[in-house]
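Student: I have a model open and want to learn how to read it. Can we go through it feature by feature?

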Amino acid sequence: MARKLPDTTCHMSISLDGFVAGPDQSREDPLGKRGRELHGWHIGDPRANDADKVANEWLMRPRGAYVMGRNMFGPIRGDWDEEWTGWWGPEPPYHAPVFVLTNHGHDPIQMEGGTTFHFVTEGFDAAYAAACQAAGDNGVDIAGGASTVRQALIAGVIDELTLDIAPVLLGSGERIFDGVESFGFEPAEVLHSPLTTHIRYRRVS
């Protein structure tokens, strides 16, 4: 009997017009222009309420492994020409193996607190398979960014998708649904604050 794959989650903040990051992402502006407006609910806006606290607990719940794109890991493009260990300081919030999609190989980077970044050059399917193996029964999270989430949606591996829909129009930037032909989820829980509407979707079985 084949072993059941771990439950796979994804949690993204998104604008009303479908962008999860603004345009012109850079080292100084990793979320793109105005991208921070999507995240006030969990980065200190005083209007945040108990709904935002609950959604933040969803976001930060421990997972057995993570998959992310190289653009989320850092601003370096092309060959690795400098030392970079992520945006999060010496102890990233993951505390588990993180599999980073990249076209340029790199030795694993072990951080404080149990996070190790592994760099996968064989594509999304290989990174996801490695994350499932590493996670055991503790679940996999698709951490972002937009391209990685798109690939996960198209592959049909996400069991629970949480969207924090901010009442913001960015106009341009990074989308997650381009090329995704069907949704396949239904709302399981909805919470809201003045800053966002949190919708936790579960895959329709």
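Student: What does the side chain of T9 make a polar contact with?

Tutor: Keep in mind that this is a predicted model. For a polar contact, look for a pair of N or O atoms within 3.5 Å. Here the T9 side chain pairs with the side chain of R63 at 3.3 Å, and also with the side chain of D141 at 2.7 Å.

Student: Where is T9 found, and is it buried or exposed?

Tutor: Buried means under 20% relative accessible area. T9 is in strand β1, and its value is 2%, so T9 counts as buried. Leaving out residues up to four places away in sequence, T9 touches R61, R63, V140, D141, I142 and E160.

Student: Now helix α1. Which of its residues are buried?

Tutor: In α1, residues 50-60, you'll find A51, D52, A55 and W58 buried. These four span an arc of only 110° around the axis, so they sit on the same side of α1. Over on the other side, D50 and K53 are exposed.

Student: What do the buried residues of α1 pack against?

Tutor: Four strands: β1 (8-15), β8 (160-166), β10 (185-192) and β11 (197-203). So β1 turns up again because T9 is found in that strand.

Student: And what happens at the start of α1?

Tutor: Check the side chain of N49: one of its oxygens comes to within 2.9 Å of the backbone nitrogen of A51. A51 is also one of the buried residues of the helix.

Conventions: Residues numbered from 1 in each chain as written. Predicted model: local features only at pLDDT ≥ 70, side-chain atom pairs only at ≥ 80, totals over all residues. Heavy atoms only, no water. Buried < 20%, exposed > 50% of the residue type's maximum accessible area, 1.4 Å probe, protein only. Helix = DSSP H or I, 4+ residues; strand = E, 2+ residues; numbered from the N terminus. Arc of directions from axis to C-beta. Contact = heavy atoms within 4.5 Å. Polar contact = N/O pair within 3.5 Å; in protein donor to acceptor, adjacent residues only side chain to side chain.
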